[in-house]
Amino acid sequence: MANFRWNKDLELAIPAIDGEHRELLAAMERLQSLVQAGAPPMPVRTALLQLVRLTRAHFASEEAFMAARRFPRAAEHAQIHQGLLARLDGFVAGHAAGTQALGVPFFAFLEFWIASHIRGVDRLYAEHTPAPAPPAASAPRRA
Ligand SMILES: [Fe+2]
Ligand SMILES: [Fe+2]
């Protein structure tokens, strides 16, 4: 059973982003609880699609945040998001086709993503100090 509980070392001290990470963890926890309880396919599907929606929205808001901070590794970070989404989409498609059960490998993937991505990759932009904006052009001096 994967662990999706919030803990202090996931905190980036950026309230909006921390809130989204908490939402993602809660969505993962909800999905795992449904699967473990042997819930019927429809609620499981709904919870899975909700997780995908939250994930896409979260990645988009992180990417906007990185752009606003002029984080130099934003493009690399966005590529990692694309890779995670591709894997998530693969599970979703397999689940829809009935070829992929949401079992241990799926929840292990989610747990690994949360643990390693937030603590490792997200922390990089959280700790990045934005470069100061270029100085405004000053008015020509009078002699
Ligand atoms: Fe994140
Ligand atoms: Fe991220």
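Q: Which residues of α2 meet which residues in α3?
A: Two residues are in contact if their C-beta atoms, placed from the backbone, lie within 7 Å. Helices are DSSP runs (H or I, at least four residues), numbered from the N terminus. In this structure, α2 contributes L48, V52, T55, R56, F59, E63, M66 and A67, which meet A74, H77, A78, H81, L85, L88, V92 and H95 in α3. The residues of this contact divide into ten nonpolar, four polar and two charged. Here Ala, Val, Leu, Ile, Met, Phe, Trp, Tyr, Cys and Pro count as nonpolar, Asp, Glu, Lys and Arg as charged, and the others, Gly among them, as polar.

Q: On what kind of model does this reading rest, and how are residues numbered?
A: The model is predicted: local features need pLDDT of at least 70 and side-chain atom pairs count only at pLDDT 80 or more, whereas totals for chains, interfaces and linings use all residues. Residues are numbered from 1 along each chain as its sequence is written, while chains are lettered from A and ligands numbered from 1 in the order in which they are written.

Q: At what angle do α2 and α3 pack?
A: Axes are lines fitted to C-alpha atoms, for helices over the stretch in contact, and angles run from 0 to 180 degrees between N-to-C directions. For α2 and α3 the angle is about 175°, and their axes are 11 Å apart. α2 is therefore roughly antiparallel to α3 (under 35 degrees counts as roughly parallel, over 145 as roughly antiparallel, 65 to 115 as roughly perpendicular and the rest as oblique).

Q: How do α3 and α4 pack, and which residues make the contact?
A: The angle between α3 and α4 is about 170°, with 12 Å between their axes, so α3 is roughly antiparallel to α4. From α3, the contact draws on H77, I80, L84, R87 and F91; from α4, it draws on F106, F109, W113, V121 and Y125. Of these residues, eight are nonpolar, one is polar and one is charged.

Q: Which residues of α2 are buried, and what covers them?
A: A residue is buried if 20 or more other C-beta atoms lie within 10 Å of its own, exposed if 12 or fewer, and partly exposed in between. In α2, the buried residues are L48, L51, T55, E62 and M66. Their cover includes α1, α3 (74-97) and α4.

Q: Which residues make up the largest nonpolar core?
A: Nonpolar side chains tend to be buried together in soluble globular proteins. A nonpolar core is a set of buried Ala, Val, Leu, Ile, Met, Phe, Trp, Tyr and Cys residues joined through C-beta atoms within 7 Å. The largest one here has eleven residues: F4, L24, L25, A27, M28, L31, L48, L51, L102, F106 and L110. Two or more residues come from each of α1, α2 (41-68) and α4 (104-126), and α1 gives the most, with five. Leaving aside residues up to four places away in sequence, F4 touches L25, M28, E29, Q32, E111 and I114.

Q: Where are A13 and R70 placed, and are they buried or exposed?
A: A13, in the segment before α1, has a positive phi of about 65° although it is not a glycine. A13 is exposed because 8 other C-beta atoms lie within 10 Å. R70 is in the loop between α2 and α3, and its phi is near 50°, again positive in a residue other than glycine. R70 counts as exposed because it has 11 C-beta neighbours inside 10 Å.
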